[in-house]
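Let us walk through a protein model step by step. Keep the structure open and follow along as each part comes up.

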Amino acid sequence: MPKILDGKKLAQELELILQKAIQSGLEVAERPPGLAVLRVGNDPASGVYVNYKEKACDRIGVRSFAKHLREDISLEELIETIKSLNDDKNVDGILLQLPLPDHLDESTLLRNIDPDKDADGLHPLNLGKLIKGEKGPRSCTPAGVMSLLERNQIKIEGKRAVVVGRSILVGKPMALMLEAANATVTIAHSRTKDLPSLTKQADLLVVAAGKPYLIGKNHVSENCVVIDVGIHRLQPDQENIKELKKTKLCGDVKIFEIEDKVASYSPVPGGVGPMTVTMLLANTVDRWQKHCGLPLTISNLLP
């Protein structure tokens, strides 16, 4: 039987560690960690994700400075909002919830976040630190994947890893983190020819393509480790599939096709998603400890 990589359970365990770190540092810091999540517009998925993050903050004792900004906010206004949070000494982490409305330039806005408060590791300076192997905030989803692998004692060194997807949010930093852990890494994407022949070579397959059910049994080898980063709501014509009646959510991988073939896999939901939120909290608590001159006790939770 394959091992299910339970991200929900691990996230709960790590939240307890973070909660204790906050409690032990409050007297010296004289304030809790602060996280500002900026949501622009009314994208339904963004609303769900921000709600998850606010609840997670409440659970461990992080003060939330979440802001829900109007859809038509100008680039200049949003930059001013970010700068005010950069200057706020009660805020340790800032996250810009993506995607943004079309009129806003994502790269410009990310560059305006103080790199020392960059809770999602997407500032160019922090991406540069990742490339150079230097310490700094790491992108939350790939950091969550690395934690999920490490805590389940899945060996990365020397393995052939294939990452499907090349976004700056997941695919590219994921490949860099795996390479830093001494895997041999290949990145596949929408222009890759004969994808199954490539993914079947993988000992470790990370799928972050954003396409529901892209990967099936013909894409994986025996005893492969499969990490499914995608999450999608099923279309009405898919909801009657026998294997899918338990949930209306699915990932990029047809788990029901591969679960008897692979060594381990992350489920959707309950795999990478909870770990992404936990790594956001970990980045924030780590920044808080640094800003308040506290011992950096949770650095080992971050890749």
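Begin at the start of helix 1. Here a side-chain oxygen of Asp6 comes to within 3.1 Å of the backbone nitrogen of Lys8. Keep in mind that this is a predicted model.

Now follow the helix along. Helix 1 covers residues 7-29, which is 23 residues. At 1.5 Å a residue, helix 1 should span 33 Å. Its end C-alpha atoms lie 31 Å apart, so the two values agree. Helix 1 has a kink of about 25°, and the kink is centred on Gln23.

Which helices do the buried residues of helix 1 pack against? They pack against helix 2 (44-60), helix 6 (140-151) and helix 10 (272-291). Among the buried residues of helix 1 are Leu10, Leu14, Leu18 and Ile22. Gly7, Glu15 and Gly25 are also on that list.

Next, find Asp92. It sits in the loop between helix 3 (75-87) and strand 5 (93-96). Is Asp92 buried or exposed? Its relative accessibility is 0%, so Asp92 counts as buried. The cut-off for buried is under 20%. The side chain of Asp92 has a partner: it makes a polar contact of 2.8 Å with the side chain of His291. Leaving aside neighbours within four places in sequence, Asp92 also touches other residues, including Arg31, Pro32, Asp116, Lys117, Arg287 and Trp288.

The largest nonpolar core has 54 residues. Leu149, Leu178, Ile227 and Val285 have the most contacts inside it. Helix 10 gives this core its largest share, nine residues. Take Leu149 as an example. Beyond its neighbours within four places in sequence, Leu149 is in contact with Ile154, Ile156, Leu178, Leu204, Val225 and Ile227. A second, separate core has 20 residues, among them Ala36, Leu38, Val40 and Leu110.

Last, look at the cysteines. How many disulfides does the whole structure have? A search finds zero. A disulfide needs the two sulfur atoms within 2.5 Å. Cys140 is also buried, because its relative accessibility is 2%. For Cys292, the closest cysteine sulfur is again in Cys57. That sulfur is 16 Å away, so it is too far for a bond.

Notes
Residues numbered from 1 in each chain as written. Predicted model: local features only at pLDDT ≥ 70, side-chain atom pairs only at ≥ 80, totals over all residues. Heavy atoms only, no water. Helix = DSSP H or I, 4+ residues; strand = E, 2+ residues; numbered from the N terminus. Expected span 1.5 Å × (residues − 1). Bend = angle between axes of the 7 residues up to and from the residue. Buried < 20%, exposed > 50% of the residue type's maximum accessible area, 1.4 Å probe, protein only. Contact = heavy atoms within 4.5 Å. Polar contact = N/O pair within 3.5 Å; in protein donor to acceptor, adjacent residues only side chain to side chain. Core = buried A, V, L, I, M, F, W, Y, C linked by side-chain atoms within 4.5 Å.
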